[in-house]
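The sequence and the model come first.

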Amino acid sequence: MGSWDSGPFDNDTAADWCGDLDDADAPERPALVREALSRVAGEEGYLDADIACEAIAAAAIVAAQLPARQPITSPYAPDFLRDGGQLDLPDDVAALAVKALDRVMAKDSEWHDLWQDAAAGNINPAFDAVHGLRRTLTT
């Protein structure tokens, strides 16, 4: 996982996934978000960091669509969202995003292990970012 910061879009995998979402036709985008979340939420084995990164980015996109929205400002997020675009997502996607984030934070997650190892003591901005997304999604 090539990461340059701890935000949802601040790694190679998330940036690539966002590029694919940006390039997709508008009607296909909600299905791509759901797919990224579903793959992680349904994973029963050791969770690969790459699919976790995609799910975190997808969860950030879902959070940005809610009334208590968490705005997207990252230059690595999809251009159409940074330019004020929206996604028409079904109501159940927020709950799916919460489930995916909970799976990312589980002990059998490579993403969790990598960021836990990188943490400086009790300070873990990546964990804080995921917890913030989860709060937004459950508000």
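Which residues have the most contacts inside the largest nonpolar core?

## Basis of the model

This is a predicted model, in which local features need pLDDT of at least 70, side-chain atom pairs count only at pLDDT 80 or more, and totals for chains, interfaces and linings use all residues. Residues are numbered from 1 along each chain as its sequence is written, and side-chain values use heavy atoms, with hydrogens and water left out.

## The nonpolar core

Trp17, Val33, Leu37, Ile61, Val62, Trp111 and Leu137 have the most contacts inside the largest nonpolar core, which has 47 residues. Such a core is a set of buried Ala, Val, Leu, Ile, Met, Phe, Trp, Tyr and Cys residues joined through side-chain atoms within 4.5 Å; buried means under 20% relative accessible area, with a 1.4 Å probe and protein chains only. At least two core residues come from each of α1 (12–23), α2 (29–41), α3, α4 (79–82), α5, α6 and α7. Helices are DSSP runs (H or I, at least four residues) numbered from the N terminus. The largest share, 14 residues, is supplied by α3.

Beyond its neighbours within four places in sequence, Ile61 is in contact (heavy atoms within 4.5 Å) with Phe9, Trp17, Leu21, Val33, Ile72, Pro78, Leu81 and Leu87.

## Ala36 in α2

Ala36 lies in helix α2 and counts as buried because its relative accessibility is 1%. Leaving aside neighbours within four places in sequence, its contacts are Trp17, Glu54, Ala55 and Ala58. Ala36 and Ala52 are 16 residues apart along the chain, and their C-alpha atoms are separated by 8.5 Å.

## The buried face of α6

Trp111, His112 and Trp115 are buried in helix α6 (residues 110–118). Seen down the helix axis, the buried residues of α6 fall within an arc of 95 degrees, so they line one face; the arc is that of the directions from the axis to the C-beta atoms. Their cover includes α3 (49–65), α5 (93–104) and α7 (125–138).

## Helix pairs with α7

α5 and α7 pack with their axes 9 Å apart, at an angle of about 155 degrees. Axes are lines fitted to C-alpha atoms, for helices over the stretch in contact, and angles run from 0 to 180 degrees between N-to-C directions. α5 is therefore roughly antiparallel (over 145 degrees) to α7. In this pair, Ala94, Ala97, Val98, Leu101 and Asp102 of α5 meet Val130, Leu133, Arg134, Leu137 and Thr138 of α7.

The axes of α6 and α7 cross at roughly 135 degrees and come within 8 Å.

Note on methods:
Buried means under 20% relative accessible area, exposed over 50%, partly exposed in between (1.4 Å probe, protein chains only). Angles under 35 degrees count as roughly parallel, over 145 as roughly antiparallel, 65 to 115 as roughly perpendicular and the rest as oblique.
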